[in-house]
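Please look over the sequence and the structure shown below. The report that follows takes up the overall make-up, one pair of elements and the contact between chains.

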Amino acid sequence: MKSDFELIQEVKSGNKQAFNMLMHRHEKFLMKSIVRMTRDLDTAEDVVQEAFIKSYKRLHLFEGRSSFRSWLYQIALNTARNRFRKYARESVGVENMDLAVGEECESRMIALDVRGILQAEIAKLPERQRQALSLRIFDDLSFKEIAEIMQCPYDTAKANYRHALLKLKERLEGNSMLKTWSGQPRFSLMELGLNQMEVDG
Amino acid sequence: MEDSRKETEWWWIDFLENELEPGLEADLELLLEHSQEDRDSFESIRLLKQWVGESDPVGDWPVDARLDRIRRKVMQAIDHEIQEPLATNSLRT
């Protein structure tokens, strides 16, 4: 399989299909990241489309000092920020969640609460910490890529991630609804089938 | 005391992320083997990371359905609207 670097060279030599392959490789990551930011599929689609077109036009500026993925992400992030500067980031509150499920078993209800509480607590984190957490856990990026995207030293990216995780831990441990969190049962949200539930409305 | 606890938690995070300095790994493995408190501490961080991952607010959003259309539109733009996309550019990288 050709590397990003090789595909970029091909695009620069005039092979447009190589850019199609680059999109294929990075589109899902990019779309999910932007949807996470905008919480709207149509908006994210527009942003991602625009970001790909911009990246094609600017490909001659790509010097390979960072990974293509983090360079692309930076373009998408700026595109989103420019287009939707007024967009207020929506935090998901527990009160907005569909908890009216009388037949739910207790553990499932607890898990639903946990998910809502976690989302709310993540939304409260300082932006840099939230970004590091999201890029690491949701997008599975390395700290090197996170540092490139956040334009900060490697250790700073890692420190932001650690602070985020420990702040969440502290807040969850202090939450009376989550006493099961540090005790038993230690179930998994996924095992409880929460993936199938429409939590976000 | 608080600083010491925080430092230990940072180590556990690094351990979880495979980011630990090589010399420390064996020490932490020993702690895991012999200390229930440290096992609990590490487990709570591991579990937290897992739960955060499972709580992705858009984890199950149908993004895949949009991807073909995005790619198609971008390729159309490249083919028709961008006349000489990389003209004058060198092959520098």
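In what order do the elements of chain A run from the N terminus on?

## Chain A as a whole

The elements of chain A run α-α-α-α-α-α-α-α-α from the N terminus on, with 9 helices and 0 strands, where helices (H or I, at least four residues) and strands (E, at least two) are DSSP runs, numbered from the N terminus. This is a predicted model, in which local features need pLDDT of at least 70 and side-chain atom pairs count only at pLDDT 80 or more, while totals for chains, interfaces and linings use all residues. Residues are numbered from 1 along each chain as its sequence is written, and chains are lettered from A and ligands numbered from 1 in the order in which they are written.

Of the 201 residues in chain A, 37% are buried (20 or more other C-beta atoms within 10 Å of a residue's own, these atoms being placed from the backbone).

## Helices α1 and α2 of chain A

Helix α1 (residues 4–12) of chain A packs with helix α2 (residues 16–38) of chain A at an angle of about 150°, and their axes are 7 Å apart; axes are lines fitted to C-alpha atoms, for helices over the stretch in contact, and angles run from 0 to 180 degrees between N-to-C directions.

On the α1(A) side, D4(A), L7(A), E10(A) and V11(A) meet residues of α2(A) that include F19(A) and L22(A), contact meaning that C-beta atoms, placed from the backbone, lie within 7 Å.

## Between chains A and B

The contact takes 47 residues from chain A and 39 residues from chain B. On the side of chain B that touches chain A, the elements giving two or more residues are α1 (2–16), α3 (36–54) and α4 (64–81) of chain B.

Notes: Two residues are in contact if their C-beta atoms, placed from the backbone, lie within 7 Å. A residue is buried if 20 or more other C-beta atoms lie within 10 Å of its own, exposed if 12 or fewer, and partly exposed in between; C-beta atoms are placed from the backbone.
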